[in-house]
Amino acid sequence: MPITSKSMLFLLTMAMASVGHAQRVVPVPVLTAYQQECSVCHFAYPPGLLPPAAWQRIMDAMPKHFSTQVLLNSDTQAVIAQWLQTQAINPDWVGSQMPPDNRITRADWWQLIHKPSKKLTAKVWKSPYVKSPSHCEACHRGAPTGEYNAKTAGIPS
Ligand code: HEC
Ligand code: HEC
């Protein structure tokens, strides 16, 4: 049976519901090295937002890191990489699909939530306050503690 976009959306919605609160929440305690090294340029993303293989690729690519470079000593890099594997999204959920470029913001579930939203116009995405979709905390104040709520998401004007 071909998967229609409608049934796909349904499946994704169901899967997101099961991903639920727990996966988005930042694990406590957060690994100190992760908090220190991975919140320098952006906040430390909740590990539950990417599948294990995506975290692996991100860590393996270092020092190359998206548009920049991240220099870590090899012990720290290994500790963070290993910790991310234990905290990553549960592979049984739809979020385990490998998003292009290993980005949360390019995962189907993320696109399906954000792209259809009428509130999120091109102007909003380009506003100097948002700058990048990766800047979750521009709209989700609680992002650093893993709180993403459609009802409280604020659109910066
Ligand atoms: C030197 C600055 C810097 C440091 C340190 C850094 N990052 Fe990044 N990170 C970036 C930049 C720049 C981007 C791309 C952001 C964009 O496109 O707006 C990025 C993007 C990401 C993304 C993808 C976000 C998305 O779009 O879905 C993840 C995941 C990520 N970083 C994880 C990490 C991890 C894990 C660490 C620690 C080991 C780390 N980062 C440390 C600069 C940094
Ligand atoms: C420009 C503002 C903006 C940015 C940046 C943004 N979001 Fe959102 N997000 C929203 C809005 C608005 C909604 C509600 C969408 C709707 O239902 O219409 C939302 C919804 C969500 C939801 C669903 C919440 C629920 O109650 O089901 C999640 C999860 C989420 N965002 C995660 C993220 C993550 C992770 C990032 C960063 C990688 C991010 N968002 C970046 C505006 C944003």
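## Fold, helix packing and ligand shells

Of the 157 residues in the protein chain, 19% are buried (20 or more other C-beta atoms, placed from the backbone, within 10 Å of a residue's own). This is a predicted model, in which local features need pLDDT of at least 70 and side-chain atom pairs count only at pLDDT 80 or more, while totals for chains, interfaces and linings use all residues. Residues are numbered from 1 along each chain as its sequence is written, and ligands are numbered from 1 in the order in which they are written.

The protein chain holds 6 helices and 2 strands, in the order α-α-α-β-β-α-α-α from the N terminus. Helices (H or I, at least four residues) and strands (E, at least two) are DSSP runs, numbered from the N terminus.

Helix 3 (residues 52-61) packs against helix 4 (residues 74-87) at an angle of about 170 degrees, with the axes 9 Å apart; axes are lines fitted to C-alpha atoms over the stretch in contact, and angles run from 0 to 180 degrees between N-to-C directions. The two helices are therefore roughly antiparallel (angles over 145 degrees). Helix 3 contributes Pro52, Trp55, Gln56 and Met59 to the contact, and helix 4 contributes Gln77, Ile80, Ala81, Leu84 and Gln85; contact requires C-beta atoms, placed from the backbone, within 7 Å.

The table covers the ligand shells, made of residues whose C-beta atom, placed from the backbone, lies within 6 Å of the ligand.

| Ligand | Shell | Closest residues |
|---|---|---|
| Ligand 1 | 19 residues | Cys38, Cys41, Ile104, Ser132 and Ser134 |
| Ligand 2 | 23 residues | Ser117, Cys136, Cys139, Ala150 and Ala153 |

Notes: Angles under 35 degrees count as roughly parallel, over 145 as roughly antiparallel, 65 to 115 as roughly perpendicular and the rest as oblique. Two residues are in contact if their C-beta atoms, placed from the backbone, lie within 7 Å. A residue is buried if 20 or more other C-beta atoms lie within 10 Å of its own, exposed if 12 or fewer, and partly exposed in between; C-beta atoms are placed from the backbone.
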